[in-house]
Amino acid sequence: MEFFKKSRLIMLNTFILLLSSCTVEFYSSTDLPNSTSDSISESLDSKPSVEKPSISEDNSTNLNQPPSYIDQRYELKFEDQFDGTSLNPNYWNIEYGTGAQYGLNGWGNNELEYYQTDNVSVENGLLKITAKREYQGGKNFTSGRIQTKEKIFFTYGYFEACIMMPTDRAMWPAFWLLPNNENIYGGWASSGEIDIMEAGGKNMDAHTVGNTLHFGGNWPNNKHEGKSNKIPGNGTINQFHMYGAEWTSEYIAFYIDGTRVYEITNDIYYSSKAPNNPSAPFDVDFYILLNLAVGGDYTGGVTPTSSFSSADMYVDYVKVYQLKE
């Protein structure tokens, strides 16, 4: 998502996502459950579950341990399971408006929504961000955007969220990171942006998400490096899947359901404000964002269908792991 321009797993040789959960649980080929009640496929048109995935017994005593697919020297530093009935104000800020307050109507990306508090809710242990056909602030749509600026921020680590997203035309959901102090490297995009996951782009389908870094100079001299990656197991974005990024001083690697799908090394990215620093701009604190945009450049400028009324993005959890001190 450009800024200011811009469960359960079963191991049977490979990871397969069990759509009712984002909890990691392992079986050998001889220990697979006999029950057929848990489906490992879901119709693209089916309604998303609003039941929070339960924690498996095998993992309930090891919640601080990193998942097996990342460095085992990591330990859990932050998590939000979205329990309770409202967003935790110690973690999250709710953003509002069109970006016009920053001189960037449409948030710099020609987006069509007005962000407001009413479109963000917590229910049944899930964060829900809702996009609606609703006139507000000169826009024909409303939606939600939350972030952890100046509250929760890290330099390096493994960041992961379990997310279910809408497939409606013109929806642009994203899980991403921005610098807590963009003045260190002088603004966007010399200060960097890490798009752990964004979906619904003009060249993408429901089986695909984008993983991208933004860097280089200040707009319009910004650069980006990214790739569209298929969800393993022929999965679709309107199912719960785990999206992650391992961020180190040497590379940033992207994961989907525990599978490493893409890596960008520090010989590719740079900041024009620190040409002799190979880790810049990705060596300072970044905070977390989750949002559901409507329309915008990433979608190819399309608008929702005339029948569109609302769409929901669900988040089961957000976790951050860092190397043990």
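This is a predicted model: local features need pLDDT of at least 70, side-chain atom pairs count only at pLDDT 80 or more; totals for chains, interfaces and linings use all residues.
Me: What does the secondary structure come to?
Reply: The chain has 0 helices and 20 strands, where helices (H or I, at least four residues) and strands (E, at least two) are DSSP runs numbered from the N terminus.

Me: And how much of the chain is buried?
Reply: Of its 325 residues, 53% count as buried; buried means under 20% relative accessible area, exposed over 50%, and partly exposed in between, with a 1.4 Å probe and protein chains only. The chain exposes about 14,100 Å², of which carbon and sulfur atoms supply 45%, and these areas come from the Shrake-Rupley method with a 1.4 Å probe, only the protein chains shown counting as cover for residues.

Me: How many salt bridges turn up?
Reply: The search of the whole structure finds 7, a salt bridge being a side-chain nitrogen of Lys or Arg within 4 Å of a carboxyl oxygen of Asp or Glu. One of them joins Glu 95 and Arg 145, at 2.6 Å from N to O. Glu 95 lies in the loop between β4 (93-94) and β5 (113-115) and Arg 145 in strand β9 (residues 145-147), so this pair ties together parts that are 50 residues apart in sequence.

Me: Are those two partners buried or exposed?
Reply: Glu 95 is buried, with a relative accessible area of 10%, and Arg 145 is buried as well, at 2%.

Me: Which ring does the charged end of Arg 145 sit over?
Reply: That is the ring of Trp 107, with the charged end of Arg 145 at 4.4 Å from the ring centre; a charge sits over a ring if NZ of Lys or CZ of Arg is within 6 Å of the ring centre and within 35 degrees of the ring normal. Another such case is Lys 319, whose charged end sits over the ring of Tyr 317, 4.8 Å from its centre.

Me: Back to salt bridges, what does Arg 260 pair with?
Reply: Arg 260 meets Glu 263 in a salt bridge of 2.2 Å, N to O. Salt bridges that share partners join Glu 246, Arg 260 and Glu 263 into one network. Arg 260 is partly exposed, with a relative accessible area of 37%, and Glu 263 is partly exposed at 35%.

Me: How do β17 and β18 pair?
Reply: Strand β17 (residues 251-256) and strand β18 (residues 259-265) are antiparallel, with 6 bridges between them, and two strands pair if DSSP finds at least two bridges between them. Ile 256 stands opposite Thr 259 in β18. Their hairpin has 2 residues between the strands, and Asp 257 takes a positive phi near 50° in it.

Me: Switching topic, how covered is β13?
Reply: Strand β13 (residues 193-198) is mostly covered, with 6 of its 6 residues buried. On one pairing, 4 bridges join β12 to β13 in the antiparallel sense, and Ala 174 stands opposite Glu 198 in β13. β13 also pairs with β14, antiparallel over 4 bridges, where Ile 194 stands opposite Leu 213.

Me: Which side chain does His 214 contact?
Reply: His 214, in strand β14 (residues 208-216), is joined to the side chain of Asp 195 by a polar contact of 3.1 Å. A polar contact is a pair of N or O atoms within 3.5 Å; within protein, one must be able to donate a hydrogen and the other to accept it, and residues adjacent in sequence count only if both atoms are side-chain atoms. His 214 is buried, with a relative accessible area of 2%.

Me: Last one, how many aromatic pairs are there?
Reply: The search finds 18, including Tyr 269 and Phe 282, which are edge-to-face at 4.9 Å centre to centre with 90° between the planes. Rings of Phe, Tyr and Trp (its six-membered ring) pair if their centres lie within 6.5 Å, and planes under 30 degrees apart count as stacked, over 60 as edge-to-face and the rest as tilted. Both Tyr 269 and Phe 282 are buried, and ring pairs link Phe 154, Tyr 156, Phe 159, Trp 247, Tyr 269, Phe 282 and Phe 286 into a cluster.

Note on methods: Residues are numbered from 1 along each chain as its sequence is written. Side-chain values use heavy atoms; hydrogens and water are left out.
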